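Colleague: I'd like to learn how to read a protein model. Can we go through one together, feature by feature?

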Amino acid sequence: MWLLLFIASLILAANAKGWSKILGMKWAMKYPAGWRLPLKSHITNGMEWLVEEASFGLFTFKEFTRGIAYLLELPLDFSTAIFSTGFYSGLGNEAVQVLPPISWIAVIIIVFAIGHFARAMKLTPAKMSLAIFAMLCFLYLAVFGQWESSMITLSSIVIAVPMGVIGGVLIGTCGYRWPKFEKAISPLLDLMQTMPIFAYLVPILFLFGFGPVAAMIATVIYAMPPMVRITIMALKNVPSEIVDFGYMAGCTRRQLMWKVLVPSAAPGLMVGVNQVIMLSLNMVIIASMIGAGGLGYDVLTSLRRLDIGGGLEAGVAIVVLAIALDRLSQAFAEQNDMALVHHHAQKPFLKRHQWSLISGVAILFFGIGGYVIDAFQMYPESWEVTTASFWEASVKYLNVNFYDQFEALKTALLTTFMIPVKRFLLGLPWPWVCAMLALIGWQLGGWRLSLLCAVLSLFIVVTGQWQKAMITVYLCSISVVIAGLIGVPLGILAAEKPTANRIIQGAIDTLQTLPSFVYLIPVVMLFRVGDFAAMIAVVLYALAPAVRYTIHGLRQIDPSLIEAGIVSGCTKRQLLWKVKLPIAVPEILLGMNQTVMLAISMLVITALVGTRDLGQEVYIALTKADTGRGLIAGLSIAFIAIIADRLINAGAKKLRQHHH
């Protein structure tokens with residue numbers, strides 16, 4: 001049946017305009033402007049009214065939001081002063097520095113102390129390794145001239161992460177307590193995780209103004225949903241015996257939650273903290289568009305100037321900072337041995353707080369010493385190392401010596417694959433596509449999934465986003481197919497060969513920690529702007545899940561099934577193709593689902609290199625401060641992601657049931 005529907009779609013797309021003219025159904029190819037719902041203008045007008053006219057009596061809505069921004073600015077300014085600017089007395093040109101920021105040497109010592117404390121509960125010889133690793137990461141930032149920008153970024157992270165964690169834990173505990181509340185917020189969390197951050201940068205700008213505070217609020221909103229989900233899951237996973245013990249001890253509901261459940265779920269919650277840190281660092285470049293400085297601003301300005309060296313150095317600095325914070329937060333998440341914690345608490349005061357005292361002494365010593373020796377306060381510029389010229393020379397060499405080969409590859413893929421797929425999708429009438437999505441939903445998940453697919457796809461149609469949505473689907477589908485063709489074989493190779501696994505996992509780890517914007521710089525330098533450059537960047541960014549889930553799918557197969565295949569006389573190739581891969585298909589599908597999600601999120605960023613899809617629509621809305629335009633385009637992208645997610649998950653579930 002599916003083959004027949006695909007053939008029918010090909011025939012329809014080949015001469016759709018002719019059929020629509022014969023049947024008098026031109027509206028099926030291009031949804032009439034007069035039929036569109038004017039949601040864009042309603043949202044824009046509503047936002048303007050909210051900001052300009054809405055009032056609570058004693059104060060306006062704008063004053064209310066600006067008041068919140070002012071309150072949030074206080075801790076952010078304090079954090080920035082500690083790490084970056086220092087404390088000043090006076091205003092404007094008359095301002096005098098009262099206290100300098102923490103010395104770079106003191107920060108490195110503090111990071112070493114945190115690393116040591118995070119592993120202090122581990123009774124292993126390697127417990128110092130994390131402290132040394134974290135110290136070297138921060139030393140790298142100083143040596144490669146990224147210290148000042150890194151500290152601006154860190155000062156924002158230090159405030160945004162606790163806000164995201166506290167907000168996520170509070171909402172998550174409410175979701176755990178009241179199942180109806182969890183059910184109500186679940187679609188909202190789906191929407192927040194699939195809607196591109198660009199889409200709600202515009203309303204944030206309207207409400208909180210341009211600057212670091214607005215950027216921090218955007219970061220918190222972006223990073224909070226995983227914390228909510230992980231909190232609910234961690235609380236549900238607390239053993240029932242612990243809950244029963246809490247009731248037997250006479251705990252009230254509040255005491256049970258905060259003195260029993262939350263401490264018991266702490267290791268799981270720390271995984272959420274880790275996710276908040278990673279997502280916050282992933283936001284630093286986007287946040288720089290609305291006033292955040294630091295490493296994100298450096299990457300963004302390098303991209304605008306096509307400065308590959310500067311952009312990669314700043315991008316690598318974000319990665320180094322992310323890896324250091326990731327390892328530290330993971331180490332805290334592993335501190336779940338209460339006996340060791342109790343043993344540590346029994347030590348004398350000086351022994352327990354030795355690193356806190358060392359950190360305090362370092363802050364004072366190098367802070368005072370910085371007035372005498374400048375190198376104590378700031379890492380000297382003359383000691384800095386740069387690799388910018390190396391990266392620029394490398395790209396120049398590739399452009400000079402391999403330009404024809406790059407162009408040949410680009411032309412071949414465009415003419416034989418990308419353009420035909422684009423014409424096919426743009427040639428399909430929207431009623432046919434909506435009907436196909438509803439039918440697929442019905443086959444895979446029943447009437448609920450069918451209705452969801454129909455409603456979400458019709459929303460895209462009636463808001464006038466269909467053409468751009470099809471271009472988004474075209475770029476996403478091509479990128480996902482290529483990522484799958486590369487990622488699945490790499491995953492198979494890694495699962496079968498331990499040596500290959502180490503190399504492939506290392507490469508994937510590197511790709512996954514690079515900020516999304518960093519991919520654009522070398523891709524644009526080698527392939528210029530356009531759909532092909534966007535596709536290459538998306539493939540690189542979205543490749544990791546296809547590899548990881550393939551490895552996981554092949555490794556979680558029951559060994560008895562593999563032994564049965566061997567006993568049946570299967571060769572290694574037959575064992576792979578007829579036993580392992582069919583069983584691993586549901587896991588591989590889930591990996592492709594994650595690849596789709598990453599591809600869609602990256603497509604919004606590739607709008608900077610000349611694509612003409614919904615991502616470009618969102619980016620234009622941001623530059624024009626058009627709230628309605630940005631939110632409608634953002635919702636359309638989110639709905640494409642939700643449709644793909646639900647259909648692929650339903651397909652994977654059906655396959656898993658079939659195998660069982």
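Colleague: Let me start with a single side chain: is Lys40 buried, partly exposed or exposed?

Modeller: Lys40 is partly exposed, with a relative accessible area of 29%. Buried means under 20% relative accessible area, exposed means over 50%, and partly exposed is in between, using a 1.4 Å probe and protein chains only. Before we go on: this is a predicted model, where local features need pLDDT of at least 70, side-chain atom pairs count only at pLDDT 80 or more, and totals for chains, interfaces and linings use all residues. Residues are numbered from 1 along each chain as its sequence is written, and side-chain values use heavy atoms, with hydrogens and water left out.

Colleague: Got it. Which residue forms a salt bridge with Lys40?

Modeller: The general idea is that side chains of opposite charge can pair when their charged atoms come close. For a salt bridge, a side-chain nitrogen of Lys or Arg has to be within 4 Å of a carboxyl oxygen of Asp or Glu. Here the partner of Lys40 is Glu617, and their closest N and O atoms are 3.6 Å apart. That pair links distant parts of the chain, 577 residues apart: Lys40 is in helix α3 (residues 39-52) and Glu617 in helix α30 (residues 614-624). Helices (H or I, at least four residues) and strands (E, at least two) are DSSP runs, numbered from the N terminus.

Colleague: And is Glu617 buried or exposed?

Modeller: Glu617 is buried, at 4% relative accessible area. Glu617 also forms a salt bridge with Lys468, with 3.8 Å between the closest N and O atoms. Lys468 lies in helix α24 and Glu617 in helix α30, so this pair ties together parts 149 residues apart in sequence. Lys468 itself is partly exposed at 33% relative accessibility. Through shared partners, salt bridges join Lys40, Lys468, Glu617 and Arg629 into one network.

Colleague: How many salt bridges does the structure hold?

Modeller: It holds 7. Another one of them pairs Lys236 with Glu182, the closest N and O atoms being 3.1 Å apart. Lys236 is in helix α10 (residues 212-236) and Glu182 in helix α8 (residues 179-194), so parts 54 residues apart in sequence are tied together.

Colleague: What does Thr627 touch?

Modeller: Contact means heavy atoms within 4.5 Å. Leaving out residues up to four places away in sequence, Thr627 touches Ile43, Thr44, Met47, Val202, Pro203 and Phe206. Thr627 lies in helix α31 and counts as buried, at 0% relative accessibility.

Colleague: Last one: how many helices and strands does the chain have?

Modeller: There are 31 helices and 2 strands. Of the chain's 660 residues, 49% count as buried.
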